[in-house]
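Please open the model in a viewer and keep the selection panel at hand. The tour moves from the whole chain to individual side chains.

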Amino acid sequence: MKQQVALAAVTTTAATVMAVVALVRQYWKAKQDRQWGKCQRILRKFARDCSTPVPKLWQVANAMVCDMGASLSSSDEATSSLNMFVSYASPLPTGINEKGMYYGVNLRQTKILMVCGRLQGKNQPISDLYVDEVPIPSSVMIGTSQELYDYIAAELVKFSSAHPEKDDEASANDKKLGFTVSSGDDQSTAISGSNIKLKNFAADTTGVKDLITGMNRALEKHGLKLRVHALVDDIVGNLAGGRYYDKDCVAAITLGMGTNAAYVDTTQSAPRWHDSLPKKGEIVVCMEWGNFNTCHLPITQYDTSLDAASSNPGHRIFEKMISGMYLGEIVRRVLVRMAQEAALFGQNVPPKLLIPYLLRSPDMAAMHQDTSEDREVVHEKLKEIFGITNLTTMTRELVAEVCDIVTERGARLAGAGTVAIVKKLGRIANRRSVIIMEGGLYEHYRIFRNYLHSGVWEMLGNELSDNIVVEHSHGGAGTGPLFLAASPTPDS
């Protein structure tokens, strides 16, 4: 009898334990379902807020066209979010008559890139191309501006001696030296109107004309028959290269860690500079389109928080939505919210996930473009960057979907900006326009590139989409100064 009672007690206890275990499992399953549902709701709202249907893209494009016109007419910042400026008032290469050896310099944050190559006219590609990147010593960076110019000239002496002109290419007169400046990711080196900012140098700001004068003085001192006629952003060099290869090239756009755009217009279209420009002819306008802003941009709470925490809140809003510097950070902020409010990565938020800008856009692109069945690249990147492990396939898919939403929005907005430039020039309906693209985001991020192209096509439709040709820049990285050197000498 006692054995039967004991057996019954054990049986009852076991049944109770099993019931409790079942309830606990049911509880955790219900909790996980609620958390996953919350993740899905966050994702769906984010997708809605980021959506860029064609009418939205046209609103953005039309707003940019209005701001472009206002900026060309007035310096009043209240009338336009853009602060455009005429960067080059000289004919660009034609691709027909440019023949011979040409030299150029690209000034970067802490380096100079020297380039030379032989052009053969008739839109033929560059031959005998040589590129050399030289670090700028710290002693030069803390020195005077003239010491910087002297250093560049001395390096050019060595470079041109190693890659000289042929005897029949030498000229009795000085030849033009193409000179461009690359803006750093933090805008540490940048041209703004008549000034150039050299944040990493002791002489952190100088006039463009002063730099040209000082540079030419150094070139003459070192016995070089090269002279700088214009100092421009490297995007203008990209545009010059585009024009060399195709007479219908009207604009160049950089889509990398930063972003910018430049396009060819007429002097009559820029009344703001009427007194300082030739009476007629072409000019190159640098848009600084990263500054563009309009109420039509699909800005989310994550963009707002990113902007507020940035070093320049309220500025460069367009850049913060489309450039490589920020795309990964937007993804990280969305994942943080999912981790905090819906335990996406477990009950504790991974500490490294809270570190701003730890997710770089190249890593984001690798996750996004992962085609493996179980999204193994997503798993590897999250483990490598944030220390996150034991991810389900569903979680990996969700992370990839966040990447897709951010990428699609950024690329389609860049496409809207591309269409805006062509519309401003009045070329959409009946003229072929080539837009040159440069930068790692466009070149290496295939899905971003495809979204940009499809956005332009959707905006224009079958009948007009062939009028805008978007293609990667020719000539190779850093060759822009070379094409500027080959362009006709400025009239003013």
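**The whole chain**

Among contacts between residues at least 6 apart in sequence, 71% join residues at least 24 apart. Bear in mind throughout that this is a predicted model. Colouring by secondary structure brings up 15 helices and 15 strands, and of the 492 residues of the protein 52% count as buried.

**Helix H4**

Select residues 145-162 next, which make up helix H4: its 18 residues reach 26 Å from the first C-alpha to the last, close to the 26 Å expected at 1.5 Å a residue. Then show the side chains of its buried residues, among them Leu148, Ile152, Leu156 and Phe159, together with the buried Asp150 and Glu155. As a guide to reading such a list, an α-helix has 3.6 residues a turn, so residues three or four places apart point the same way.

**Aromatic pairs**

Now display the aromatic rings, among which there are eight aromatic pairs. Centre on Phe46 and Tyr302, an edge-to-face pair with 5.3 Å centre to centre and 90° between the planes. Because Phe46 lies in helix H1 (residues 2-50) and Tyr302 in helix H7 (residues 301-309), this pair ties together parts that are 256 residues apart in sequence. Phe46 is buried, with a relative accessible area of 2%, and Tyr302, at 6% relative accessibility, counts as buried too.

Move on to Tyr244 and Phe483, whose rings form a tilted pair, 5.3 Å centre to centre with 40° between the planes. Here Tyr244 belongs to helix H6 (residues 234-245) and Phe483 to helix H15 (residues 480-486), so the pair ties together parts that are 239 residues apart in sequence.

**Charges and rings**

Select Lys175 with Tyr102, where the lysine lies over the face of the ring at 4.8 Å from the ring centre. At Tyr442, the charged end of Arg449 sits over the ring, 6.0 Å from its centre.

**A last stop at Arg332**

Is Arg332 buried or exposed? Arg332, found in helix H9 (residues 324-342), is buried, with a relative accessible area of 5%. To see its surroundings, show Leu353, Leu354, Ile355, Pro356, Tyr357, Leu359 and Phe386, which Arg332 touches when residues up to four places away in sequence are not counted.

Technical notes. Residues numbered from 1 in each chain as written. Predicted model: local features only at pLDDT ≥ 70, side-chain atom pairs only at ≥ 80, totals over all residues. Heavy atoms only, no water. Helix = DSSP H or I, 4+ residues; strand = E, 2+ residues; numbered from the N terminus. Buried < 20%, exposed > 50% of the residue type's maximum accessible area, 1.4 Å probe, protein only. Contact = heavy atoms within 4.5 Å. Expected span 1.5 Å × (residues − 1). Phe/Tyr/Trp six-rings, centres within 6.5 Å; stacked < 30°, edge-to-face > 60°. Lys NZ or Arg CZ within 6 Å of the ring centre and 35° of its normal.
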